[in-house]
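This report describes a two-chain model for a reader who has not seen it before. The sequence and the structure come first, and the description follows.

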Amino acid sequence: MFALIKREIQDHLVYFIAAAVFSALLVLVLVEAVFKYDSRNPPVISISLGVAFAAIVTLGICGMGASQMYLDKSRRISAFLSTLPVSRSRILLARITAGILAILILLVPLAITAIFLLRLFTPPIPLYSGMVWEIFTATFLLALACYCIGLQTGWNSSAITPSLGGLGLTCIFVPLVVVKGLGPEIMVILASFIAASLFRTWHNFSSTSL
Amino acid sequence: MNENVIQVENLVKYYDGRCVLDGIDFAVPRGCIYGLLGRNGAGKTTIIRILLGLEPPTRGRTTLLEADSTSLPAKIRGRIGCVAEGHNLIQSYKVSRLIRLCKDLSLQWNDELFNRLIETFRLPADRRVRELSIGMRAQLNLSLAMAIDPELLILDDPTLGLDTVARRQFLELAIDIIQKQGRTILFCSHILSDVERIADRIGILAAGKLVVDCPLEQLKERVRKLRVIFPEAAPANLYLTEIVNQQIEGREMVITVANWNSQKQAILETFKPSSCTEIPMSLEDIFIECTRPSAEPLEVA
């Protein structure tokens, strides 16, 4: 299993490097925004940069999933791996694990920075630590949902409808989170979507010809 | 314990409504080298892909080492070596990386044999797979398949695209390895001389059916091609069963008959032919007769 995860990371190293770079940039933006925060004169540039980075990151995560599946299909990687003592479920599990690792590389430094900043600038009440945990979980689920859309789109890249459907779903999820906020309701919606999407990906991947 | 390493039962496969395999049944016993023959598009690769679980069958059941092909566990996969048609290795990898990956994923790895093969083939470890010639890719694929000491080796047209010298070198090494280690081998090819050199049992696929499934020697012995001259015009029907092919020209008739025996000889003699001579047949001749579009379905078993 470790060899498969290592293979996925090495093959998509650019996404891991990009995740680390974007994470560092987002941390910088976050720190700058907090330190320069002025309720009468909010740091518009920092907030705009943060939103732009978040949009790029969302598309990047979606792109990673799509790239993993598309390259597998076009280079017939799983067809080769399946002749070795590896099951298709393991190949997919290793792929998803690599995807989750990339998301964590992106989000964990942000979460740590957020906790640190909250400790510095807010009174020590449980409300704030709970809030960070909630935001982190919901953001992680949102990123994972985008990644799942990417997996589906990459595997069905030859068909237009699923590809457009994937793009459409991404366009629905992000505004939904903006409107509803990163609360428990959105977590339930995202978790249900991720479960359904992963099941569908696993079913497609394990039942079609390689 | 079942002695059949490969078991195919009533295998049917449809592609876009077109029947590619129509009720294939065969078994490969332990230690046997089975040559699966067929013209291009006959379904050889489809059978192998179904056996390896890369393709779902429409109907029927296939087992490898007593495990169902559709859900081969990793333990069983680890006992099967495979050289695929076109050598579908990961093209973007360097040879050294591909070797490391295969080694990491394998359940067992014979370093001594693998290093010997790599040295013999002089494979460059620092080049990408896509930069290798087809011959080198074939050699790398065979080396990787052999390194796991497989109980079952599946070779799908391994010499496809190789020049005569590379093909000869590849086969000689394959034969050398096979003879030393007594494995079960399923060997698919449409290069009949290759199959004739190594196979001890033959299956011939034609029009989605397995028209021949028997030991090579038996096949050569039991399929006869006869030139029969009659005193007058040759009869339209000899009332013989299992005629694979029949050509009539005036007094002369050339027939290919399966399962030739004294009974069939006696029936032929009732027509009082002036002469009856046997035309020697190689495996290639038998294959051509069996896969002719006009050929009658033949069951040599």
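## A helix at the contact between chains

In helix α3 (residues 95–105) of chain B, the buried residues are B:V95, B:L98, B:I99, B:L101, B:C102 and B:L105. Seen down the axis of α3(B), these buried residues fall within an arc of 160 degrees, so they line one face of the helix. The arc is taken over the directions from the helix axis to the C-beta atoms. An α-helix has 3.6 residues a turn, so residues three or four places apart point the same way. A residue is buried if 20 or more other C-beta atoms lie within 10 Å of its own, exposed if 12 or fewer, and partly exposed in between, with C-beta atoms placed from the backbone. Helices (H or I, at least four residues) and strands (E, at least two) are DSSP runs, numbered from the N terminus.

What do the buried residues of α3(B) pack against? They pack against α1 (2–11) of chain A together with α5 (134–147) of chain B. Two residues are in contact if their C-beta atoms, placed from the backbone, lie within 7 Å. The contact between the chains takes 21 residues from chain B and 16 residues from chain A. On the side of chain B that touches chain A, the elements giving two or more residues are α2 (74–77) and α3 of chain B. Of these, α3(B) gives the most, with four residues.

## Confidence

This is a predicted model in which local features need pLDDT of at least 70 and side-chain atom pairs count only at pLDDT 80 or more, while totals for chains, interfaces and linings use all residues. Residues are numbered from 1 along each chain as its sequence is written, and chains are lettered from A and ligands numbered from 1 in the order in which they are written. The predictor gives the complex an ipTM of 0.77 and a pTM of 0.79. For chain B the mean pLDDT (the predictor's confidence in each residue, from 0 to 100) is 84, and 94% of its residues reach 70 or more. Within chain B, confidence is lowest in helix α6 (residues 164–181), at a mean of 73, and highest in strand β4 (residues 59–64), at 92.

## Chain A

Chain A has eight helices and zero strands. Of its 210 residues, 32% count as buried. Among the contacts in chain A with a separation of 6 or more, 78% are between residues 24 or more positions apart.

## Sheets of chain B

Chain B is divided into domain 1 (4–215) and domain 2 (224–280), with bounds that come from an automatic or database domain assignment. The C-alpha centres of the two domains lie 40 Å apart.

Six strands of chain B form an open sheet in the order β6-β7-β8-β3-β9-β10, with mixed pairing. Two strands pair if DSSP finds at least two bridges between them. β6 (80–83) and β10 (209–215) of chain B stand at the edges, each with a single partner strand, so one side of each is left without a neighbour in the sheet. From one strand to the next, the twist averages 15 degrees. α5(B) packs on this sheet, touching β6 and β7 (152–156) of chain B, and its direction makes about 175 degrees with that of β6(B). Helix α10 (residues 283–291) of chain B lies across β3, β9 (201–206) and β10 of chain B, at about 30 degrees to β9(B). Axes are lines fitted to C-alpha atoms, for helices over the stretch in contact, and angles run from 0 to 180 degrees between N-to-C directions.

Four strands of chain B form an open sheet in the order β2-β1-β4-β5, with antiparallel pairing. Its edge strands are β2 (18–29) and β5 (67–68) of chain B, each pairing on one side only.

| Strand pair | Bridges | Direction |
|---|---|---|
| β3(B) (33–38) and β8(B) (184–189) | Five bridges | parallel |
| β1(B) (4–15) and β2(B) | Nine bridges | antiparallel |
| β11(B) (224–229) and β13(B) (252–257) | Six bridges | antiparallel |
| β12(B) (243–249) and β13(B) | Six bridges | antiparallel |

B:I33 stands opposite B:I185 in β8(B), and the bridge partner of B:Y14 in β2(B) is B:C19. In β13(B), B:M253 stands opposite B:V228 and is also the bridge partner of B:I248. β12(B) and β13(B) form a hairpin with two residues between them, and B:G250 in the turn has a positive phi of about 65 degrees.
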